[in-house]
Amino acid sequence: MRAASFDHYGAPEVVTVVDLPDPVPAAGEVLVRVEAACVTSADVAARSGNPFAIRMVIGLARPRQRVLGTEFAGTIAAIGTDVTRFAVGDRVVAASGASFGAHAELVTVAESGALAKIPDDVPLADALAISEGALTALPFLRDHARLAAGQRILINGASGSVGTAAVQLAKLFGAHVTAVCSAANAELVTSLGADRVIDYGTEDFTRGPDRFDVIFDVVGGSTYGRSRRVLAAGGIYLTTVPDPRIVVDRMRARMLGQHARLALTGLRKDADKRVDLEWLLPLIADGTLVAVIDSRYPLERVADAHARVDTRRKRGAVLLEP
Ligand SMILES: NC(=O)c1ccc[n+]([C@@H]2O[C@H](COP(=O)([O-])OP(=O)(O)OC[C@H]3O[C@@H](n4cnc5c(N)ncnc54)[C@H](OP(=O)(O)O)[C@@H]3O)[C@@H](O)[C@H]2O)c1
């Protein structure tokens, strides 16, 4: 099979297309012919070795994991022994968590993993694009924020993969949504349901008159310290991006009757992600959640896909189509 592989950290060009042996599904595994895989912020961090902490997982001097890609969709091409939930020909979407390998024509995954059948009427790319962001946004909003109808939420970085899913899920939960993005993306986030849009180019949300029950910083551009003035009493500040300041912020917030938290939802158990995938897919089928796809690249242009994600300007998902 062909796969996108790299053997040292660096710019997008370190990823090239190579031939590798076809994987064979072990007992309890399925073999998926990948039709689309996301190139995510985690993939570009792993490729560049930046932040340095990621090398603790991938390899200190050189990457041990040569083929990246954790979120993918495709058709089951073969099944191992003892597989009962899936059959050859099923269209599936999957999130393989810390085990990369999906930027390839074929990938094996445990049937007990974060894997779900895509409803017939849902385009495979849509199922994939929504699940990439929603598998992160959903646990933040539902489990950490416990977002309830009528609450006011501010989403900073509303136009990326996690942000576009967060806007839609927050509306589904009945919240009033203020989305922060550049002017170029105002129309997009409004179309997804945002009640108000703040253009970060002309307005600093931490200086405005509004108060929020939840501030969800998706892109890590803010801090609790700067945001606490616009956080309501008892409100919660959430961030996806690891920053050592969060340890102190957590204590400060508690003293002020607020909450501040970093969550690493990508590291959740596969079984929990599967439950969420199965909850999300019918919402895609009935049109409640819509896919936002930034761009699509054939496998040969994998470096261009990485370069696009590196810009930090993508709108929704970047897809690689082997
Ligand atoms: N904690 C976890 O478990 C977890 C899981 C998944 C992802 N993450 C992290 O979450 C972050 C977001 O991921 P993502 O895939 O959604 O990112 P993304 O798609 O790359 O986000 C790009 C978007 O961010 C917007 N943006 C860039 N700078 C901004 C700023 N200063 N203020 C507001 N918006 C800004 C851009 O819009 P404009 O062009 O309009 O600026 C662009 O549309 C990443 O850092 C990722 O590593 C964490």
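## Close-up views of a predicted model

**View 1. Leucine 256 and its surroundings.** Leaving out residues up to four places away in sequence, leucine 256 touches Tyr224 and Arg228, where contact means heavy atoms within 4.5 Å. Leucine 256 lies in the loop between helix H7 (245-255) and strand E13 (259-262). Helices (H or I, at least four residues) and strands (E, at least two) are DSSP runs, numbered from the N terminus. Leucine 256 counts as partly exposed because its relative accessibility is 47%; buried means under 20% relative accessible area, exposed over 50%, and partly exposed in between (1.4 Å probe, protein chains only). Leucine 256 and proline 322 are 66 residues apart along the chain, and their C-alpha atoms are separated by 51 Å.

This is a predicted model, in which local features need pLDDT of at least 70 and side-chain atom pairs count only at pLDDT 80 or more, while totals for chains, interfaces and linings use all residues. Residues are numbered from 1 along each chain as its sequence is written, and side-chain values use heavy atoms, with hydrogens and water left out.

**View 2. Helix H3 against helix H4.** Helix H3 (residues 124-144) packs with helix H4 (residues 161-172) at an angle of about 55 degrees, and their axes are 8 Å apart. That angle makes H3 oblique to H4. Angles under 35 degrees count as roughly parallel, over 145 as roughly antiparallel, 65 to 115 as roughly perpendicular and the rest as oblique. Axes are lines fitted to C-alpha atoms, for helices over the stretch in contact, and angles run from 0 to 180 degrees between N-to-C directions. On the H3 side, the residues that meet H4 include Glu132, Ala134 and Leu141; on the H4 side, Val162 and Leu169 are among them. The contact of H3 with H4 has nine nonpolar, three polar and one charged residues. In this grouping Ala, Val, Leu, Ile, Met, Phe, Trp, Tyr, Cys and Pro count as nonpolar, Asp, Glu, Lys and Arg as charged, and the others, Gly among them, as polar.

**View 3. Serine 131 in helix H3.** Serine 131 is found in helix H3 and is buried, with a relative accessible area of 4%. Its side chain reaches the backbone oxygen of alanine 127 at 2.3 Å. Not counting residues up to four places away in sequence, serine 131 touches Val93 and Leu277.

**View 4. Threonine 206 in a loop.** Threonine 206 sits in the loop between strand E10 (196-199) and strand E11 (212-217). Threonine 206 counts as buried because its relative accessibility is 1%. The side chains of threonine 206 and aspartate 204 are joined by a polar contact of 2.7 Å. A polar contact is a pair of N or O atoms within 3.5 Å; within protein, one must be able to donate a hydrogen and the other to accept it, and residues adjacent in sequence count only if both atoms are side-chain atoms. Apart from its neighbours within four places in sequence, threonine 206 is in contact with Arg226, Ser227, Arg229 and Val230.

**View 5. Valine 302 in helix H9.** Valine 302 belongs to helix H9 (residues 302-310) and is buried, with a relative accessible area of 1%. Apart from neighbours within four places in sequence, valine 302 is in contact with Ala4, Val15, Val17 and Leu320.
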